[in-house]
Structures are given as structure tokens and as C-alpha cells.
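Hi everyone, thanks for coming. I'd like to walk you through a structure today, so please have a look at the screen.

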Amino acid sequence: MIKKGELYYPDKNFQKKALINNRAIYKKASANPVKFWEGLAKEIFWQKKWKKAFEHKPPYFKWFVGGKINITESALDKNLEEKKNKVALIWEPEAVGERQRIFSYYDLFREVNRLANALKKMGAQKGDRIGIYSPMIPEVIISMLACARIGAVHAVVFSAFSPKALQVRLQDTEAKILITADGYFRRGKVVNLKQGADEGIKETKVEKIVVVKRAGNEIFFQPDRDFWYQDLIKNESDWCPAEAMDSEDPLFILYTSGSTGKPKGCVHSCGGYGVQAKFTAKWIFDLKEDDIFWSTADVGWITGHTYSCYGPLLNGATFVIFEGAPDYPDPGRWCEIIDKYGITTFYTAPTAIRMFEKYGVEYPRKYKLDSLQILGSVGEPIDKAAWQWYFKEVGREKCPLVDTWWQTETGGILITSLPGIGPFKPTFAGIHFPGVNFAILNEKGKSCKIGEQGNLVILPPFAPGLLRGIYKNPEKYLETYWSECGNKIYFTSDGACKDKNGLIRIVGRIDDVIKVAGHRIATGELESAIALHSDITECAVVGVADEIKGEVPVAFVVCKTDKSAENIKEEVVRQIRKEIGPIATPKEVYLVKDLPKTRSGKIMRRILRKLFTSEELGDLSALSNPESVEEIKLILR
Ligand code: PRX
């Protein structure tokens, strides 16, 4: 890498070999983005070509209208022509001594087809939603693809979410089938996932559960309802015709946090999502024939969908998934995996980088890490120190570091510098992906000047992979994305600014969403969970800075009964773990007499947030109860 001032550029050698190394691509794409995406769409397999590339009836839009597609044909069948025996997927189990599992494209193809046939026999049809609650095992990828094969819409729920969180999502999707596992390993212990699944399906429409045997733990098994995955696929044919899907038909629903308590089911389409997944993966990670790609994200998140499943497969690439915790059995584990498989492209989140930075340089320095060619970061802003550490200690100052901005809603990466072009600048994600039109608008709706912070928005024709709706909630879709700046502008809910080079820096969310270790959690969701506690009359949750996790939630609660602060903390934590899962556990729970409110009774979370920073609190005279702030200050002291 070559450093010029604050900017880094790929060196000549890297640049020469990179798939995209000519800046002209941006100009060409901007001149006619629809034509540009259409050109890319031609490179994936369509059963029938589209009639119209882009249709816009604000706020609704469609891509590749009239086209028929099944994404699994490009991800699997087409790869059999020249890559039948190429390794598609490598699964690394948590236990160091346990053997990895390796699937060629042909292996994966057959397994997906078998499961697709089995799902059909169970009654699954095109358009049905199928829930997936699974650890990081090959079968989770196979399950997603098997759903796509038959035109069923998969809805993956992160395996560390609580049964209650699973239940809420299953109720919303009305899935009749759930695919899960008996259990999995986490830090050497077995987690009984099936137990969670049994609880999670209560009061849902789930009639059948497919259980992958993974950990061999004892589970409750209900005949006629529960079926072992391995038994189901044993005698199935390894050919299942790929269902013809409209380009705009849903491929999957993935839930994410919005500004209110209820999770939103982001709906992604078959055609547009597929095109975007393929080309963002190919160009941003510069995927070439011999590369081995590893994205550490769990499939429970959008990064896992796009870059641990669809993106690599659509490019016929080899990729790794890992079952375990990043630092188990020791903080060298990820580095060991990088050396073991000769990972060329490594994609992770700033939280993980900060955690390893804290463990110390001795871990990465014990390993060669010389196979690495590109590093990636995603999910939250990466601070300068973490960027430098990652670049130096992991990438040995030779790997382009792509800081990739995107969202569950956007389906794929939309802002980053391309590795063969650059420039890379710590704390700046980079520029728009070719063919995507961004703006940063101030409160008056005008473009911000250099350095001025404003709202990041996407302008037409948006991107083919942008969500098409919130499942069963069109009002929320309109309100969240298409009302702030009018119905022709997609509102990202992120604050951003640009530097003189045109590089975009993501400042962070401007709604009540916090990123806890890269996981997206709405403070409203936490508040709804806490409010279920019968002794609590009022609560407020805010995000505060954390050295490792970026941000963490802290909760303020008002109780109607006489409870000790200790007891209430314990109960609130329990409540949140039950309703959402351990990832949402608040760092602190403060028992207070009153919360700062405006005269109209609105809780002033802004003031609570400021109590954790060095910022001035400002004028408190608008509050109906300024004394509450004094009381809280004493508690925090
Ligand atoms: O605030 C932005 C932040 O993550 C949000 C989206 O979260 P989620 O839907 O969970 O998707 C995460 C993985 C794509 C965004 O609104 N974010 C994502 N990537 C970055 C980022 N913030 C700063 N820099 C990034 N590279």
C-alpha cells in the first residue's frame, strides 16, 4: 500500500491484478445507472429476460421487471459447468480437534436439491415462509438455498436470540416449518438450541420442525412434528427443479431493529438482490479463482446472508464459515484459521478488531497471516486506532482495507473504496458503489458542504438490492424510509459528511438505534421489553460509548414498589435476556425516582445520553422536572 498524506492507495502490483482498477467505471455507471445495472444483470442466469430494467412509482420501485429467475441456478447449477469439484464451502467447527467439513459445488448442489425435495414433501410451497434458527453449520447455508430453490421465503433468526424473540418473528412470518439444530458448541459447552426452538414455536403457526443433528445433545423430540434433517434427505433425489420466480418475488425476510419496539421484517427480492450480491462481493472483495474468502458474520445478520452465502456462491468462490467464538480456545483462534486455510480476504467488524487489539499484538504476531490480500470492516464506524491496528497487525500494511457501509435494508455494500482503486482513509468508508447515487442533505434538504454533517440519503434509481418493503407493514415502510425527504428519496437514518476528496464518513445513527458490538438494537425495543416488568412504571434506554463494543445500552427505570437497585438490575437484565437475548444486555440499570421530561411529558433521552459525555447539558428550563437531572447525576457519580 502506498501512503500519500492521510490517504492510502493500492500498490501498482495489486492494482494491476485487481478486477476493477479503473476509475472510469464510476463515470460510466453514473452516466446511466439503470443501463449499468442491466449490464451486470446479464451476467447472471435468468430463466426469462426482463422486459423493463427499472420501474419507479414513488415510493415503490422494481428492478428487472418481467424477468424470471431462480438465484440457486446461478449459485449452484451454473457453477457445475466449470467448477463442479471446486471447493465451495469450508466449515470450521468450534472444537480445535474436530474435523472441518468441506463441500464442493457439486456436494452443495446435491444437498440443496435433496433438502428442497424434502421440504416440498413436507408441504412447503412457493411463497411460503420458512423459519431458520440455526448455528453456523453448513446446513444453515443449505437450508437457505433449499428454500430459494423451491421459491419459499427464508426468514433466518439469529441463534443467540431468545425463544421469545424467535416467537415474535415466527408469528409475524406465519411460517409453518422451522429448520433448527439439536444444539451447537459455544466456548466448549453445548447450547441446547432445540429447547429454544420448542419454546419459540409456541403460539405460532409452526407445524413441523426440521432438526439438524449437530451436537448430539439430548433433546425433546415430538414424533409427527419433529424430523431429523439427516433422515429427511437420506433418500431424496439430488435433483429438484428450480422454481421460476419473478424478479420481484421475495427471496427472504430478515428482521432488524427499527426506531420502535417491534422488529421490522425487511423483504428482499430475488432478481435485484441477486445481481447486487454478486457484484458487490466480486468487486469489493476482488474475488478471483484462487481466493478463499472469510466473512466472520453470523447468518443471522444481513452480512451473513450476502457475504457468507449468496455473494461468494454467485461468484463460484470458496468461502469459510466458523461455528465458534472468536477467542476460543484462545485469542489466536481467528489467526489460526486464517493460516490454516490460507484466507485471502477477511471481513469482520470493528468490535472484534478492538477486542483483539486489547488482547495484544502477541496473538497476530504468532501467525504468518501472509495469505491475506484484502481486509474488510463492517457494521459500525471504525475508529482510527482500530483501523491502524487492523491494517498493521493483521494486514501487515500491505492489504487494502475496505470499510464497507451498508444496512440490512440495502441488501449489499453500497459505500466503500474499491480495493484496486482506493483511496482508503481511516474512519471514512469511501465512495458510492458504481451505479448508486448518494447525497448528504442538511435540514433544509440541500446538499451539505464539505465537512458539514447531514442526513445520508440514496437517490433514484437506488440500488437493485434495496428492500422492497417491511413485511406486512407498508405504513412503517413509508414512514421510516420515504417520508423524511419525500417519497423519491431513501432515508438511511445515518448521519454522514464528505471530505474534499469526496470520501464519505459515516457518523452514526440519527434515530434511536444503537450498535452494540455491531449488532443493531433499537432502544425502543429494549424499553418495550423492560416495560413488561410489572414493578416498573417508566424507563428510558440510551446508548453510551464503550471501548470494545462501540456502544452499549444503559437503562434508567422508575419503580412503583420498594426495590433495591441491585434487585431491579438483576430483574431487568433477566427480562431483556428473555425477551431479546444476551446481546442486548444493558451495561447498567439505574433505579431513579423520575426521568427528565418536557412539559408535554416526553422523556428527554438526549439529556440522559449527555450525562455520559463531556458535552454541556444546555438549557434545562424546558423540562418539567429539572431536579430529576440533579438526582440522576448523583447516582452516576
Ligand atoms: O449505522 C450504520 C451502521 O450499521 C447500520 C446498519 O446496521 P445493520 O442493518 O445491522 O447492518 C449492518 C451490516 C451491514 C447503518 O445504518 N454501519 C454499517 N456499516 C458501517 C456502519 N457505520 C459506519 N461504518 C460502516 N462501515
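I'll talk about a sheet, a helix, a hairpin and a pocket.

A word on the source: this is a predicted model, where local features need pLDDT of at least 70, side-chain atom pairs count only at pLDDT 80 or more, and totals for chains, interfaces and linings use all residues. Residues are numbered from 1 along each chain as its sequence is written, and side-chain values use heavy atoms, with hydrogens and water left out.

Strands are DSSP runs of E with at least two residues, helices are runs of H or I with at least four, and both are numbered from the N terminus. Two strands pair if DSSP finds at least two bridges between them.

Within that order, strand 20 (345-348) and strand 21 (374-378) pair in the parallel sense over 4 bridges, and Phe 346 stands opposite Leu 375.

Which elements do the buried residues of helix 12 pack against? They pack against strands 6, 18, 19 and 20, along with helix 13 (350-359) and helix 14 (362-365). Contact means heavy atoms within 4.5 Å. The buried set in helix 12 (333-341) is Arg 333, Trp 334, Cys 335, Ile 337, Ile 338 and Tyr 341, with buried meaning under 20% relative accessible area for a 1.4 Å probe, protein chains only. After the helix comes Gly 342, with a positive phi near 65°.

Now the hairpin: 2 residues join strand 3 to strand 4. Strand 3 (52-57) and strand 4 (60-65) are antiparallel, with 5 bridges, and Lys 52 stands opposite Val 65.

Last, the second largest pocket, at about 310 Å³. A pocket is an open set of points on a 1 Å grid over the protein atoms alone, where a 1.4 Å probe fits, with protein on both sides within 12 Å along at least five of seven lines; lining residues have an atom within 4 Å of a point. The volume is the space filled by probe spheres set on the points. There are 19 lining residues, and Asn 79, Lys 83, Lys 278, Leu 314 and Asn 315 lie nearest the centre. Helix 4 (71-83) gives the largest share, 6 residues.

Terms used. Buried means under 20% relative accessible area, exposed over 50%, partly exposed in between (1.4 Å probe, protein chains only).
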